[in-house]
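These are my notebook entries on one protein chain, written while I went through its structure.

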Amino acid sequence: MNAASALRTLSRPQLNRSPILPFLIPSLARLAVPKLHQATITTSSLPPSTEAQPEALKTHSSAKRRRPLTKEQREFLDSALRVNQAGELAATLIYTAQTPPLARAHPSLLPLMQHMYVQEAGHFSTFNALLAKHRIRPTALTPVWTAAASFLGWSTALMGREAAMACTEAVETEIGGHYNGQVRVLLAWMEEMEEKGEEVGEEVTELVETLKRIRDEELEHLDTAVEGGAKTAEGYELLTGVIRGGCRGAIWLSERV
């Protein structure tokens, strides 16, 4: 079982533009972000038809009463969406910085880098819209993460293809687990509401499906990185350990600041 499969078993902000840097990558700057393909979403090793789901993901009952979210639940969603938006911003910047040196050294990698960038830009747009809809401020550390993500992408690309892939593997391992944690919390809320005979709002069920879809696309990137030679990078253990630790620290800070 690969790392992504293992993770799948766990089940006015002004930022509506993707942070592409046209002067760095003219070829990517001309790309329009298409609609992301609708792949079958799975969150365990079971086929989609047999995977257990709360009833709220299958149907909505207008006969049930709807209870507003508690203060703690609202605070959880605020911090979750804020850190998700920051993480997707960082992902787009990493690929923006990695693409020029990687494409020069390995022209065949350009389509892959474009594909992953386009997916990350779609995720970024999704969380921008959710922040604006729910009036959640972005993290105050956005300038710090912008600089850090750009440097991480550029430096790992200069270290070579394998180091760039190791960077992707490390980041997506942490992000995949992070999204899994959020999905588990939301599913627990839904089950509790159902047990009390309360209606689960469509916004919550839609958010769960959005998080699952984005998580699965992130784990697709993880698989791609491993297949691309991530584990053969020089100093792999040290490199991925440092990046994963940095990701955990960034998540912790962005949830709070």
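Entry 1. I looked up Gln 114 and found that it counts as buried, because its relative accessibility of 17% is below the 20% cut-off. I am working from a predicted model, and I keep that in mind for each value below. Gln 114 lies in helix 4, and when I checked its distance to Thr 96, which is 18 residues away along the chain, I found the two C-alpha atoms separated by 9.2 Å.

Entry 2. I stayed in helix 4 and turned to Val 118, which lies in that helix and is buried at a relative accessible area of 12%. Its C-alpha atom is 8.3 Å from that of Thr 92, while in sequence Val 118 and Thr 92 are 26 residues apart.

Entry 3. I then looked at Arg 135, which I found in the loop between helix 4 and helix 5, the latter covering residues 142-159. Arg 135 is not a glycine, yet it has a positive phi of about 55 degrees. Is Arg 135 buried or exposed? I noted a relative accessible area of 66%, and since anything over 50% counts as exposed, Arg 135 is exposed.

Entry 4. Read from the N terminus on, the elements run α-α-β-α-α-α-α-β-α-α. Of the 257 residues in the protein chain, 49% are buried.

Entry 5. How many aromatic pairs does a search of the whole structure find? The search returned three, and I wrote down two of them in detail, including the pair of Phe 76 and Trp 189, which is edge-to-face with 5.6 Å centre to centre and 70 degrees between the planes. Phe 76 lies in helix 3 (residues 71-105) and Trp 189 in helix 6 (residues 161-195), so this pair ties together parts that are 113 residues apart in sequence. I also checked the accessibility of both partners: Phe 76 is partly exposed, with a relative accessible area of 25%, whereas Trp 189 counts as buried at 11%.

Entry 6. The other pair I followed is that of Phe 127 and Tyr 179, which is stacked, with 6.2 Å centre to centre and 15 degrees between the planes. This pair links distant parts of the chain, as Phe 127 is in helix 4 (residues 110-134) and Tyr 179 is in helix 6, 52 residues apart. Phe 127 is buried with a relative accessible area of 0%, and Tyr 179 is buried as well, with a relative accessible area of 1%.

Entry 7. I finished with the packing of helix 3 against helix 8 (residues 236-256), where the angle is about 130 degrees and the axes are 8 Å apart. Helix 3 passes helix 8 in a right-handed crossing. Which residues make the contact? From helix 3 I listed Ser 79, Arg 82, Val 83 and Ala 86, and from helix 8 I listed Ile 251, Ser 254 and Glu 255. Sorted by class, the contact of helix 3 with helix 8 has three nonpolar, two polar and two charged residues.

Key
Residues numbered from 1 in each chain as written. Predicted model: local features only at pLDDT ≥ 70, side-chain atom pairs only at ≥ 80, totals over all residues. Heavy atoms only, no water. Phe/Tyr/Trp six-rings, centres within 6.5 Å; stacked < 30°, edge-to-face > 60°. Helix = DSSP H or I, 4+ residues; strand = E, 2+ residues; numbered from the N terminus. Buried < 20%, exposed > 50% of the residue type's maximum accessible area, 1.4 Å probe, protein only. Axes fitted to C-alpha atoms, helices over the stretch in contact; angles between N-to-C directions. Left-handed = near helix turned anticlockwise from the far one by under 90°. Contact = heavy atoms within 4.5 Å. Nonpolar A, V, L, I, M, F, W, Y, C, P; charged D, E, K, R; others polar.
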